[in-house]
Every structure is written in C-alpha cells, then in structure tokens.
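Dear colleague,

Please find below the sequence and structure that I am handing over to you. My notes on what was found follow directly after.

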Amino acid sequence: MNWRRQQQQHDSNLCSSASYGSYHDDDGGFLPRRTTAAVPVVVLAPTQGEQTPGQCAGGTAKHYDHCGDGGVKQKKKNNNNKKRKHRISFLFLCLFVLLPASISWTLIVVYFRKVLVLSRTTRSGIIIPQEQQGLSWGPLLMFPTGGSSSDGTGEIQQRSNQHSEDEEEHLASLDPAPHEDDYHKLLLDVVSIVILTHDKQDALAKLLSSVISQKGITFEIIIVDSGCKPKTERVVQDAFDMMIAHNNSTTAAASSFVVAREYVKLCDNPGYGVSNNEGVKKSSNETKWILFLNDDIVLKDEYFTYHMIHLGNNHEEAAAVGCVLTSAKGDKLIEAGSIVWNDGSAAGFGRGRKDLDAPEFSYPKPVDYVSGACLMVDKGVFLDYGGFDHEHFPNYYEDTDLQMHIQHDLGKEVWLQPLSIAHHEEHGSFGEKESLDLMTKSRKIFFEKWKKPLQNYHLPIPYHLPRKEQDTAFQRAGDLRGRKSDKASILYIDGRLPNKDMGSGFGRAFDNLSVLASLGYRITAVSLEPVTDKWCNVKCLNDIRQLGIEVVTSGLREFYVAKDRPELYNIVIVSRPGTFLFSYKKLQRLFSKSPFAMIYDSEALTYRRDEMLIRLVKEDRIMFPGRQFLDNHNTIFSKRQEITMLSMADYVLTVSTTETELVKQHVANSSNAETIGHIMDLTSITKKQFSQRSGILFIGSFHDSMYYNGDAIWYFLHEIYPLVLRAQQEAAKAAAVATLDDHPQPPMRLTIAGRKIPMRLIRFVISNATLANHVTFLESPKSIDSLMENARVFIAPHQYGSGIQYKVSQAFAYGVPTVISGLTAESFGLQQQQQDEEEEEENNDHNAGIGCIGANVDSFKECILDLYNDEALWNKCRENQVEFIRSTHAREDVSEKWSSVIQRALTTANNRREMIKKYNNDKNKNNNKSDNKDKNHLLDHPLMKNKIPEHSSE
C-alpha cells in the first residue's frame, strides 16, 4: 500500500475531515480555509517515487529531490513529516474528547495559524511550488495570486514575490501599470515632449524630473527656452545628464527610453504659439504625437504619458488628448476638461471642487477643449493646420483655436484622460491680473473667428438658471456626447458593476457596455450597492472607465438621480431581475420628473432555471446539492414577478432566441423583444494540436455555492466521470494486451477552475477514492489562456439553466472541442441545426457537429471518449466551433442590434418629452387650466401603474 492510501486510511480513522484545517474566516465565522497561503495548497500530496512529466528533465527538481540519489533523503524526510502529522492528528482527537469544545477549537486555530505562517516559506509537506500546476499529479487545490503564463509545457508559472497574498492583491489593485502587451506596443511609439520654459528654473527642474521618470514610452524631449538665463541652461544640462544615465541603466524590460534631446533658445520671448511651433520643427519624423507641457506643471505619476498615448491610440476619432489639472498642492481641481459656451467664454469643468475622485471627473470623455499647459496633439493634424495660430492669438486661446479646428473643421475629437493628472501653478506665466486681461482680448478674436460653430453646437451660459438646472447643464456640456440630439444619454443599472473576470453574465455585460460606448453614447453605470475592492478593484474600475463610461461607485441607493440629474438621461437600461426589483420605485420617481425609455436586459429568465431544478429534484429524484439554494422549493423569482418586469419595460433583451420567443408571448409589442448574445473575437484561438494536449477542463464561477455551476460539475463527477475513467481504463488494458505496450495512456485528468469553489464540492471529490487521484481544483486563475491552451476537451454538463453560457462561447472561440448537455445545445440553437445536418448526410456521426451533444449520461460519456481519442474528429469539431463563433458572435452584429434598439428607444423618449413639453406650454397658455389628458396618458406607462407582485409559490 503506497503512502497516499496509508495516509487516507489513517486520517479516516481519526476524523472524517482530517484532510482539512479549520480556520476563522475573514468575517469571524468558522470554515475550512482556502485562500490564505501565497503558494498552492495540496489537499493530497503526490505519491513518493512518482516522477511527473518534466519534473526531473524540466528543471523543477530543485524543489523536490525525487530524482537520483536525493530521493532517499527526501523519502526519509517525508516519512518523518507523516509521523509528526499522525501524532498531531491524534492530539487533536484527544483535545476534542477531553476538553470543552470552545477551548479545543481555540487551540486548534492558534496551531493552524502558526502553521499557516510557516507554510508561506516552506516547500515541503502540504505546500508545493506554483510551477507544478497543471501536471498529472494527485488531487490538488491551487490558489494563484499573480499573473499566470504558459512556458509551453503545460505548466502555469507563478512569479515570486515578497508580499503575502492579501498584500500582493492589494498592491496589484492599486497599481495603474499597463498590461504587458500594451506596454511593449507603446515602447515602439515615439512621442515628442515639447516643454516651453521662461525663467523658472526650480519649476522646470521638478517638471523634468517627473518627465524622466515616465514608464512605458519611448520619447524625445525638446526644451524651448524663451528666457535664456544661465541658471536655466544648467538645469537643462543636469536633466540631459540624468537622461543619459537613465538610458544607460535601462534594460530590455525597461520602463522608458529617451531617444533624443534638443535645447532650443528663443531669447526674444516670442510667445506660446511661436515657441511651441519652433519646438515641433525639431521633432523627429517618427513622431506620432506631440505632447506640449508648460514649465509650471508637474506630472503626478510615472504612467502619465503612457495613459495619454494609450487613449489616443485606442480612440480612432481622437486627434488631441488632455490631462486633469489640479492646483499645485493637488487639493483642488482646476479642470477636468473645459467647456466653451456659445459666447466664446470658457469654464474649467469642476473648477474649485475638492472631490477630485467624483464620478464625473474620473472617466475619459470628449470635451470642448483641454488646457494647452498639458496638451497632446496628433502631429499630422498639427502640421496640416500650420501649428498654433500665433498671429491671431499671441498669448491665450491659441490652444482652444486649434481644438475648435480639430472638431468643427476635421470632425475629430478632443479627449480627456483622467488617469493623467498634473499639478499646475496656474497663471504662472504672466500673473493673474495680466492673464485675465489677455484672455479677454483673445476671447473677442476667438468669438469672431468661430461664431457660427459656437452658436450652432455650443450651449448657452447656464448661470441664470436655477441651481439644479445649472448642474444638469454643466453635466451635459462637460461631455460632448451628452449634448448631441441624435445620441442617447444612458443610465445603466446592474446588481453589480460588470467585472468581466467574475463570470455570472458579467462578461457579457462588460461587452455590452463596450459596444454602447463605441457607438458614441454618454453612459453612467451604477450598481445597486457601493463598489467594493473585493468585487471590483481599481483595475476593474479603470477597465470600465477607460471605455469612456462614468461609474458611480456609491451605489444606486446613494445616487439621487431624480434629484441631482433629472433631465440628463433619456434611456435607462436595467440588467437582471434582481436589479429591476430593487430599483423600479426609484425609476418611477425619475420617470415622473423626466420621462425616458426603458430597456430591460433580462440576461436570462431566472424562473426557467429554477423550475428545471425543482422538476429534476421532484420528478427525476436527482438530489442536486444546489437545491438548498432555493427556499422551500420556490424559484428565486416567481414566473409572475418576471413577466410583470417584462411588461413594465419598453424594450426587452434576452441572450437566446428560445427565451426571446418566450418573452414575445408576454409583452404587448413583440417587435420590442430582441436577442443580444455574446461577443467573441477569434484573436485567442489556441495553437497546440491534439497530441500536445491532455485532460478535461471545466470552468465556472461558483461564489461558494453549489447552485447551477456547482450542480453541473457535481452531476458530472457523480454520474459521468467514473464511467469515463472506467471505459478508458478498460480500453487501455485491451490496447496493452493487443500491442504489448507497458506504457498505456495516462488517465483523463479533470481540472475544475473557478472563483470561490465551494468546499462541499472539494470534500465530495476527496471522499471518493475513484475521483480523488484524477481531479485538480484551481481557485480563481488570473487567466484562462493557459488552461484552454493545454486542455484537450472542455465540458458543460449543465442539467438546468437559462440563457447561454459565456464559458461555452469562450471555449468555442479558443478552439477547444467541447462536450455540451442537451440543455446547453438547445440554448445555443445547436440541436436542430445538428439534426438538419444529420438528415442531409445519412452516415454523419453525432459527434462531428458544433461541439458534441451529450443528451444523457451515456452519450455524454461517449462524446468525451470520442473527442479525446479521435484526432480527426477532434480537429473537425474544433473547426466547426470556430466557424460558429465567427458567424454568430461577431462584435459588428451585436453593435448593429444595439444601435437599432437604442435608436428606437431614443425616438420613444423624445416623443414622450415632446408630449410633456406641449402639455406644459398649453398649461401656461391656459393659466394652469389645461387638460391633463396627455400627461395622464404618459403616466399610464406600465412602469408607473404596475407593481411587481410579492414572491409566491406557483
């Protein structure tokens, strides 16, 4: 009997849960600890003597002395460890018997906390290095804490760090660093930084220091000196020396590189326009962007320039990008973009505000103009216009004039990048009084030059309006998309912010927001509850914001939209039934003040999923563990509740055509129901071939619950996987007899990856001797790329559900042949399609379609065996899946559908507002005695007159 079985037998004699350490969780409760160690925890360690693939030859033997003579020492050491573990386990049993429970638990917790601290530095016992992920060992429980990458052997490697897991995760969430791929792309782009200085040596030195420390860019620096003082020249020379030292210390993975330095003297002080134009003439031909910086600013952080270039490169319509300017101390806002009113006057958006992280200042957006103190311009656009118009604007408005040209002559845009912040010593060039006088003079010239666009496209000064109307006017003026009559202003509400890494439909939600933003709509996204780092950290927030979307982090409960922004939104999108249920009363108040069109994105019809589960439990007697998630066998939302929600919306969206047809049976206007599924590109198609892969893969979000995904993989483990292992074992024996092969194919290992894998599922696997040696759990992988690259077969064994599964779409797009249940096939519309193909080709095998459909236990098993062992079939299935994604999941198709829905909704909203406007005009003409018919008709909308019923059993 080998060590593994001895240990299992011994542990079972002591305590049925001896394989687990019990710890206090973060909330003070008592549960098995899963995510504390910074390296993976092995539930059952590999059997001694086994040499895993690549362990000795691949270089991992430095962690394990299993190879050569070192194996004897390691074996003795492990035997000592086992004896010590046995004694400790016996001690725990005695504690439970002899001492009060509270004292026993306290001692155990203290002990395991000590072990936990020690385990962070050890690589023996139950702790193994992250490099062993993905190898064919015993059952593993893994917790990656950093970025993962594949080294081509199927191993997932963990970068080392000196922080604990919690510290590392916190630091990562605060790090604004770019993604590595974007980082290297931008190192290839050259940006010319032109700095205009005039006798400000101390300020210039601070600015140059902040410029040299920039990361992720290749740049040249051109200093234009209009004062020509010896002190300035010394500062410049010192800075150039620093740049040389910086380049000499730069490695291949360096943060930035200075390719050129220029020092231009214009001692007659010709002004902002002339001086900067001369600086641009010195720039290299390779330059795409010109970044103009005044000498009275300091860049706040080392990714300032990177973020500006990244935005400019990723928005095709952007010809200029600006930063957020704060006071020199960084405690007050000077501008987060600026507004040009229709009389030619200007206002810095948010000027004087101290809440610098307010939602309206924290997302990229197109604006009227950004300050020339920090302005990045497309070099080609700049040169085509002849540079700054210094003849008309020798001191002020030359930067605004250029940006008016960009918008009104070229049809391009000027964008604000809020991740780039600079501290600014305002009016440092002339002094405040002289600056105001020069501004007034230039403003008159500016108005005459741009009079027609100002009157046609810019808003009037709102200072005469009541305060609330002023605020709405500023909100609309501060984002150009909010003032266009043909563009919607959208309020998007979801239960949680769409963190694309969390599963549960939030990947699709993120993609939908991405499409809406790309269509040029102004969007505010808000969740029901305040945003927390556990759900959406800084990186997650920036992913959403960098789409050009405002994010309200305080949650809908604290977002007084009806009071603070009553006229801003003409379309409201509500996602998921739970969100609808808890937000509709607030939306009723908003609708009564300012009518809008409502789109309900149901995501999936929840009642269908729960009804299926109840039926399987009651009729088929399948005791899914997730049944306990439902209260007294009731659905989470009753059918009557969800149908009421469907009827209260103007437009309803679902993810599958099956559910769209169901919706059409319950809504008044069936043409207002639309199917918008998943978006998948084909840029991540895996490259490894059949023979280079092994194992079965399941991925899903669990969130510590067995409901849905937990039940799906439980059903597979309980009903199907043992049959697969048995069939493979029998086939291997037969092949060995026939070929006299002493090295049969290794068993099909199963990897279960996901977020917050429930301990109940892990205990189920470990307690089953048939499963324990063949299952690996991978908790919260940072990336699924390596998993998809190395898996031979992906599975989706769901027996109940609604909507369509995002991970199945991903597996198709990665090109991993997939076995799906009959339910999953139906939701994707694959069953009928495959039946039609089979009728056309009489001898067509049932596995040769888009995925392999396992409608029952036997067919699911056969699908796995066929795909796993037949290379030709595997390749055909892979090709069909990729083609299916190409034809059904294209971003262009989803974008076209969203555009159609939004335009129809915008028409609906505009008609309602016209009705209210007409009613108010008639009311004023008739001295408040007008007929209320139109208004009453409007307020007869189902959103206003209906009430969502209480939950009831049906």
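Asn-911 lies in helix H31 (residues 891-925); helices here are DSSP runs of H or I with at least four residues, strands are E runs of at least two, and both are numbered from the N terminus. At 48% relative accessibility, Asn-911 counts as partly exposed, where buried means under 20% relative accessible area, exposed over 50% and partly exposed in between (1.4 Å probe, protein chains only). The C-alpha atom of Asn-911 is separated by 9.5 Å from that of Phe-596, and the two residues are 315 residues apart along the chain.

Please note that this is a predicted model, in which local features need pLDDT of at least 70 and side-chain atom pairs count only at pLDDT 80 or more, whereas totals for chains, interfaces and linings use all residues. Residues are numbered from 1 along each chain as its sequence is written, and side-chain values use heavy atoms, with hydrogens and water left out.

Overall, the protein has 33 helices and 30 strands. Of its 954 residues, 54% are buried. Among contacts (heavy atoms within 4.5 Å) with a separation of 6 or more, 77% join residues 24 or more positions apart. The protein exposes about 43000 Å², of which carbon and sulfur atoms supply 49%; accessible areas come from the Shrake-Rupley method with a 1.4 Å probe, and for residues only the protein chains shown count as cover.

The largest nonpolar core has 51 residues, and Ile-713, Leu-717, Tyr-721, Leu-750 and Ile-795 have the most contacts inside it. Helix H22 (residues 709-739) contributes the largest share of this core, nine residues. A nonpolar core is a set of buried Ala, Val, Leu, Ile, Met, Phe, Trp, Tyr and Cys residues joined through side-chain atoms within 4.5 Å. Leaving aside residues up to four places away in sequence, Leu-750 touches several residues, including Ile-696, Phe-716, His-774 and Thr-776.

Helix H26 (residues 806-814) has nine of its nine residues buried, so it is largely enclosed by the rest of the structure. Lys-807 and Gln-810 are among these buried residues. Just after H26, Gly-815 takes a positive phi of about 80°.

Another glycine, Gly-849, lies in the loop between helix H28 (830-840) and strand S30 (852-854). At 3% relative accessibility, Gly-849 counts as buried. Its C-alpha atom is separated by 8.2 Å from that of Gln-881, 32 residues apart along the chain.

Finally, there are two cavities of 30 Å³ or more. A cavity is a set of points, on a 1 Å grid over the protein atoms alone, where a 1.4 Å probe fits but cannot get out, and its lining residues have an atom within 4 Å of a point. Grid points are joined across faces, edges and corners, and a volume is the space filled by probe spheres set on the points.

The largest cavity has a volume of about 130 Å³. Its lining has 16 residues, with Gly-801, Ser-802, Gly-803, Leu-823 and Ser-827 nearest its centre. Helix H27 (822-827) is one of the helices that supply at least two lining residues, and H27 gives the most, with four.

The second largest cavity holds about 40 Å³ of space. Its lining includes Tyr-715, Gln-799, Asn-856 and Phe-860, and H22 and helix H29 (857-869) each supply at least two residues of that lining.

Yours sincerely

Note on methods
On a 1 Å grid over the protein atoms alone, a cavity is a set of points where a 1.4 Å probe fits but cannot get out, and a pocket is an open set with protein on both sides within 12 Å along at least five of seven lines; lining residues have an atom within 4 Å of a point.
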